[in-house]
Structure formats: C-alpha cells, structure tokens
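Student: Could we go through this protein together, starting with the overall picture and then looking at a few residues?

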Amino acid sequence: MASQTPKVSLKSTTKQTLHDRFTKIQQEVAAAGPVVRPNLRGLSLATARNRKLALQMENRPSVQAALRYPGRRRGRASGGRGGVTRAASVSKDNLDKQLDAYMKHTDSMDTQ
C-alpha cells in the first residue's frame, strides 16, 4: 500500500563540522566590524523637504509680520501665553540694518 522511500545518505566532503564552519564565519564578520552604508538618497530627500518647508514658512503671514517687525514680541509681561502684545520701539535705521542682516543670512544659506 504505502511504499517506503529509500534512505539517502551523503558522504562528507570536508573534515570540518557545520558548527565549526559557521563559528568561523561569525568570527570573521565580527572582526571586520559593522558595515556602515551612507543613506545619501534619504539625505537628499530630507534636504529637499527642508527647503520646501522653509519656503512655506517664509510665505506664512505670521512669519512675514515677524520679519517686518523683528523687535515686536507677543505674550504677557510675565512671559506666559496670552493675547496681549507689546511693541518695542524700533527706529527705521535699526529695522533696515536688521533686514539687511537677515537677507545676507538667507542668501548665504541658499548658496550652501
């Protein structure tokens, strides 16, 4: 009814056991140290996303207002969160200097 399959035995071609062989391979890998592969594609993708985010931030009205009036801060006198604003007195000359410094800073970031 049920036929039995014959037992197959293979002759050993080496004198080394599998355990010894894999132990040797594991030691060689450990001696070589970890393999570090740079993720350049991920880096360029992150850089592109950061540029896109920076452009979006520049176009936000709140950021544009902060760039226009850098001395103006929001918040209560105690430093907490609140809707009360206080404006610092900023002269036109000082504002022009701050704007020029900001523009130089952003231009240097674009060239990097």
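The conversation below moves from the whole model to single residues.

Student: What kind of model is this, and what does its pLDDT average?
Tutor: This is a predicted model, and the protein averages a pLDDT of 75, with 70% of the residues scoring at least 70.

Student: Where is the confidence lowest, and where is it highest?
Tutor: Confidence is lowest in strand β2, residues 85–86, where the mean is 52, and it is highest in helix α1, residues 18–32, where it reaches 90. Where pLDDT is low, the predicted coordinates should not be read in detail.

Student: OK, how many helices and strands are there, and in which order do they run?
Tutor: The protein has four helices and two strands, and from the N terminus on the elements run α-α-α-β-β-α.

Student: And how many of the residues are buried?
Tutor: Of the 112 residues in the protein, 2% are buried. The accessible surface of the protein comes to about 11,200 Å², and carbon and sulfur atoms account for 56% of that surface.

Student: Back to α1, what is its count of buried residues?
Tutor: That count is zero among the 15 residues of α1, so this helix is hardly covered, given that a residue must have under 20% relative accessible area to be called buried.

Student: What span should α1 have, and how far apart are its ends?
Tutor: At 1.5 Å a residue, the 15 residues of α1 should span 21 Å, and because the end C-alpha atoms are 21 Å apart, the two values agree.

Student: What comes just after α1?
Tutor: Just after α1 comes G33, which takes a positive phi of about 90°.

Student: Is F22 buried or exposed?
Tutor: F22, which is found in helix α1, is exposed, because its relative accessible area is 54% and the cut-off for exposed is over 50%. F22 also belongs to a nonpolar patch on the surface, formed with L18, I25 and V29, and together these residues have about 420 Å² of accessible area.

Student: Switching topic, where does Y102 lie, and what is it in contact with?
Tutor: Y102 lies in helix α4, residues 92–111, and, leaving aside its neighbours within four places in sequence, Y102 is in contact with E58 and L67. The C-alpha atoms of Y102 and L67 are separated by 8.5 Å, although these two residues are 35 residues apart along the chain.

Student: Why does Y102 count as partly exposed?
Tutor: Y102 counts as partly exposed because its relative accessibility is 27%, and that category lies between the cut-offs of 20% and 50%.

Methods:
Residues are numbered from 1 along each chain as its sequence is written. This is a predicted model: local features need pLDDT of at least 70, side-chain atom pairs count only at pLDDT 80 or more; totals for chains, interfaces and linings use all residues. Side-chain values use heavy atoms; hydrogens and water are left out. pLDDT is the predictor's confidence in each residue, from 0 to 100. Buried means under 20% relative accessible area, exposed over 50%, partly exposed in between (1.4 Å probe, protein chains only). Accessible areas come from the Shrake-Rupley method with a 1.4 Å probe; for residues, only the protein chains shown count as cover. Contact means heavy atoms within 4.5 Å. Patches are made of residues with over 30% relative accessible area and no salt bridge: like charges are joined within 9 Å, nonpolar side chains (Val, Leu, Ile, Met, Phe, Trp, Tyr) within 5 Å. A salt bridge is a side-chain nitrogen of Lys or Arg within 4 Å of a carboxyl oxygen of Asp or Glu. The expected span of a helix is 1.5 Å times one less than its number of residues.
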